[in-house]
Amino acid sequence: MHVVSYALFLVALFQCRFLAFAILDPIDFLALQSIRKSLHDLPGSNFLASWDFTSDPCNFAGVYCASDKVVALNLGDPRAGSPGLTGRIDSAIGKLSALAELSIVPGRIYGSLPESISQLKGLRFLAISRNFISGNIPVTLGRLRRLKTLDLSYNQLTGGIPRSIGTMPELTNVILCHNHLSGSVPPFLSHVLTRLDLKHNALSGSLAPYSLPPSLQSLSLSWNRLTGPVDKLLSRLNHLNYLDLSLNQFTGPIPGRLFSFPITNLQLERNSFSGPVQPTEQVTIPTVDLSHNRLSGHISPMFSTVQNLYLNNNYFTGQVPASFVDRLLSASIRILYLQHNYLTGIEISPTAEIPLRSSLCLQYNCMVPPVQTACPLKAGKMKTRPTSQCKG
């Protein structure tokens, strides 16, 4: 009797385990096994401890199922400071045919991005940042026509940005910053693209006037080797609220329209922009940095409403508008850097007291600074530009 009962118990146990496995599609089950074999917890992480294939994989940490398919895979402990994972991304990832979301937390994942990811036709979110992914971005990623977010930032990727990436129609966020990418920036055709972050790479070439969509709200291309004019392109991007083109080799004028866009931080420093800068209306952008360019002409009074204004190391001439002095003395302007230009005067009393929370630098212009103020160390020690440079 006891033998019969024990046998029935074993049958029931087998049926339970069979049912547990039957929840998940066998192809997905095998794919997860392959993925698990190629990954390991870094010291201090126990994320993969729950990946026990004698139980239901849909209960594994980071695995999310709908019906009998895996629809999301979030690999690694998402809590801040967690050590993350190491190993490679197995090509079996491409077998998870219903996958809509794939993310890996910061860690030490190395090797190339498997081309099999391009088989995930329903993928909408792909984020593998702050790891050690190397090699090229697969051209075949362009097949992911439903992808909305592509974040491969802070890795070791090389080669160019495939033109196929720019053709993906539903992209809203492209974040490829802090890699070793080279070549040109491809045109982006998505009409819903709001964020493009390619900073800290080795990208070169110029940007065509219609290469980026007007839907962009955040554009960061700093620390590259990009060249050519961008005035026609920027004039179209009237939804921008963040723009950083610093540390490139852009040339030509800065369009006056740009300063009326809803931007909160404008970084155009360390390029070769030239000519006068004439905003069309009073500028309400809190921080504007146009330093280290080749800008010339008079400083527009329209800039007097900017809280942090960097115009240093240019070719500006003439008097500093009186409206700047009024706002500086009322502490409405926090930073006003005008050093290393060709300015000839500013109407401010030598006894005027600059508010402690405001900073003014006037040295190395075609005038003796009427007030003594603390300047950044990089401004040097010379107070006035040599008269031989100020003639005419």
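Does S67 count as buried or exposed, and what is its relative accessibility? S67 counts as exposed, because its relative accessibility of 67% is over the 50% cut-off. The model discussed here is predicted. The chain has five helices and 27 strands. Its radius of gyration is 29 Å, well over the 21 Å that the globule rule gives for 392 residues, so the chain is more spread out than a compact globule.

**Overall shape and packing**
- The C-alpha trace spans about 110 × 40 × 30 Å along the principal axes of the chain.
- Of the 392 residues in the chain, 51% are buried.
- Among contacts with a separation of 6 or more, 41% join residues 24 or more positions apart.

**Surface and charge**

**Annotated N-terminal region**
- An unreviewed UniProt entry lists residues 28–65 as "domain: Leucine-rich repeat-containing N-terminal plant-type".
- Over residues 28–65, the chain is 26% helix and 16% strand.
- The end C-alpha atoms of this stretch are 10 Å apart.

**Positive phi in loops**
- S67 sits in the loop between β2 (63–66) and β3 (69–75).
- Phi of S67 is near 60°, a positive value in a residue other than glycine.
- N313 lies in the loop between β23 (308–310) and β24 (315–320).
- Phi of N313 is also positive, near 60°, and N313 is not glycine either.
- N313 is partly exposed, because its relative accessible area of 24% falls between the 20% and 50% cut-offs.

Notes. Residues numbered from 1 in each chain as written. Predicted model: local features only at pLDDT ≥ 70, side-chain atom pairs only at ≥ 80, totals over all residues. Heavy atoms only, no water. UniProt positions renumbered as here; feature names shortened; annotations may be inferred. Helix = DSSP H or I, 4+ residues; strand = E, 2+ residues; numbered from the N terminus. Rg over C-alpha atoms; globule rule 2.2 N^0.38 Å. Buried < 20%, exposed > 50% of the residue type's maximum accessible area, 1.4 Å probe, protein only. Contact = heavy atoms within 4.5 Å.
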